[in-house]
Amino acid sequence: MTRNLGNAKTIWLDKEKYPAFQDGFETTEMPHHDFILRVAEFKKTFCIEKEIKEAYITVFGDCKYRLSVNSRVIGMGPVCAGGDFSNPHSLPKSYYTTFPVELTIGENEIFAEVQTVPEVMTDTSKGKPCFIANIEIFYSDSTSDNIITDETWLCRGTEKYRTARDYRCRFEDTPWDNAVITENIWNLYPSPIEPLKEEIITPIKIVVPDEFKERVCVKGNSFTIKYGSPVTVDCVFDKIYAAYPSVKFSACRDLIANIDCQEFFGQICHDPKTRIRISDIYDLDFRGMRLQSIGVIRIGITFTKKQDAKIENVSLVATHYDEPDNGTFTSSDSELNKIFNLCKHTLGICRQSLHLDSPYHQENLACTGDYYIESLMAYFCFGDTKLTRFDIVRTIDFLEMNDYFMFHTTYSLILVRMIYDYYMFSGDKTILEYSINALHGLMERFNSYTTEDGLVTNPPNYMFVDHVEHDGYTMHHPPRALGETVLNAFYYDALCNIQKICNVLNDDKIFVYNTRAELLKKSFNETFLDKEKSLYFDGRNFDDEEINWRPCEKVKRYYSVHSNTLAVLYHLCDENISEKILRKVLTDKTLIQANPYFYHFILDAVYENDLFDEFGVQLLRKWTDLVDECDKGLKEVWDGFDCDYSHAWGGTPAYQLPARFSGIEILEPGMKKISLKPSSFGLDFAEISIPSPYGKIKVRVQKDGKTQISVPEKITVV
């Protein structure tokens, strides 16, 4: 439940006393070398004399805050506002959050630390820091009180944080002053999602290198170190989490600690943002300020005084969106069960206040292709549609602000399918009404890239195809010869899906999009189909001007699984050759191959063309290698570059397994009417539980064809 800010005033530090704390920058995409991260602290102490029924604090801070009540951290914020890679400016809306709080009779204290500038891509700011809060207290006698931010709050600037990764314990703080009222320039809206859930995760083991074993004594999730040379200790967790490292230092004096946040034991990470340096340590309860992707905490201790050190309560404060329900897949095949569980876990840690590509990268809502796949996974794993809706709203708001332009051309087109699929799962027609004007703008922008044949011929880029390198090019931002066909296939699919949306809304532009789609399909086959090979090639060789993110290609023709999969999946090719093409996609290794992300589209094409019984399980077993390599989180690619192991874009088995084995098809929005065609695909058995708006759909299917189906009463099965 999100309440409101009431009459709360926007407060900050006095500019005369803290001139260096007054300005910032809006996003990490802006030049920001002249800015230093600062942290301001705010507190309010008050007494309660009556029995409390319930209490809430509604809060916003720019750029980022950590909120504590009575010395206990209750959450971080604000909710991410959204945005794109190429967007150098703040977003049109900011969001405040309501936290339920536990107050006591007697003295209570609200304490907030506010970070002044963005540090990761999901951070946005107005370039001016602030803090605003409204505390609502409801008593058992039916009376209530409000405590709002105003000049009576105390504040100060602290220099303890040189960055969110560099903390100096012994920096002497300035005295507390009264806060100053500042102009409210934020377009504030209530967050439509609840605060993120936080869980304490303790290590499953603490590993001490042989050379330090005589000096380190481990007990539970704590250890003591005898004075001497620097010592390194690894604290290993059962999985990779999106988390803040937490550790208590006691009986220490002027200690230096380096906390390296790693995804797995033995990882060599070259990103300095994964290391936290704490200096001048005395007694300290430390909790990191920056969200990390953590499977291992490596703690390095350096002594500056002749004194032993005690390190206690090593743990993670793991954070994630609070999923309301669980979908399951279990079968007689233990490999497939492990694949499902790993993909589901990775999705869970990527569900923060928006869907993340990974907690390691923390990319913004520009990565629509990632979040489209994650949204499908979420429907089947958690039954949640709210976070997807919020992602769509923030993306639509950004498109309207930015003249309907997004950095990734293919990804912005995938948004149209994501919106329609959300509507079918949720039954929420309002999202179509909210989105339609922006979608019209998006379609007109792409129409402006077309030539008379209806093909997208001169776009700003051909991004994104896949994380594949070929012939010296990356298909992350390929030249025309490697990206034109894929982009036009996604454009065609967007034209088809916006027709479905127009049909629901009785929008006359359906006829315009139908005409454009028919012309595109005709030209697509005339232009890109190599009839001798019965394959589509990836794009033409034109004498293009080389622009940023769109390199010039060699005069060469390329053939990939990507172009040919989409031609089949989106019904661009003639039905007489679709199976032949798809079989080549699955068997011809001379084609440019795909990474886990794009296998979502391959598996969809295999199922929709009735080849899943022959190829589906075999393709899903490809994820076994990823499980064997790291069962803590999902690797970004099959193999190759130094990447992360917490990337949910490759987690389509968490969608494919329950969807394909149950054979579910949604026939009416909101899952009011469905069909079920269960199959074991050769396994002895499979059991599936699928969340729906009306309860769980349960299916058990056996190799002999016997099935057991349980469906909520409000769902019609045909």
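**Exercise 1. Does Phe212 count as buried or exposed, and at what relative accessibility?**

The model examined here is predicted; local features need pLDDT of at least 70, side-chain atom pairs count only at pLDDT 80 or more, and totals for chains, interfaces and linings use all residues. Residues are numbered from 1 along each chain as its sequence is written, and side-chain values use heavy atoms, with hydrogens and water left out.

Step 1. Locate the residue: Phe212 lies in the loop between strand E17 (205-207) and E18. Helices (H or I, at least four residues) and strands (E, at least two) are DSSP runs, numbered from the N terminus.

Step 2. Apply the cut-offs: buried means under 20% relative accessible area, exposed over 50%, and partly exposed in between, with a 1.4 Å probe and protein chains only. The relative accessibility of Phe212 is 11%, so Phe212 counts as buried.

Step 3. Identify the contacts (heavy atoms within 4.5 Å). With neighbours within four places in sequence left aside, Phe212 touches Pro230, Val231 and Thr232.

**Exercise 2. Describe the pairing of strands E18, E19 and E25.**

Step 1. Two strands are taken to pair if DSSP finds at least two bridges between them.

Step 2. Treat the E18 and E19 pair. Strand E18 (residues 216-219) runs antiparallel to strand E19 (residues 222-225), and four bridges join them. Cys217 has Thr224 of E19 as its bridge partner. The two strands form a hairpin with two residues between them, and Gly220 in the turn has a positive phi of about 65 degrees.

Step 3. Continue to E25. E19 also pairs with strand E25 (residues 309-320), antiparallel and over three bridges; here Ile225 has Ala309 as its bridge partner.

**Exercise 3. Characterise helix H7 by its span and its buried residues.**

Step 1. Check the span. Helix H7 (residues 510-528) has 19 residues and reaches 26 Å from its first C-alpha to its last, close to the 27 Å expected. The expected span is 1.5 Å times one less than the number of residues.

Step 2. List the buried positions: among them are Ile510, Tyr513, Leu520, Phe524 and Phe528.

Step 3. Name the cover. The elements over the buried residues of H7 include helix H5 (430-447), helix H6 (480-505) and helix H8 (561-569).

**Exercise 4. Classify the packing of H10 and H13.**

Step 1. Take the geometry: helix H10 (residues 596-608) and helix H13 (residues 653-662) pack at an angle of about 10 degrees, with their axes 11 Å apart. Axes are lines fitted to C-alpha atoms, for helices over the stretch in contact, and angles run from 0 to 180 degrees between N-to-C directions.

Step 2. Classify: H10 and H13 are therefore roughly parallel to each other, a term for angles under 35 degrees.

Step 3. Name the residues. H10 contributes His600, Leu603, Asp604 and Tyr607, while H13 contributes Tyr655, Gln656 and Arg660.

Methods
Angles under 35 degrees count as roughly parallel, over 145 as roughly antiparallel, 65 to 115 as roughly perpendicular and the rest as oblique.
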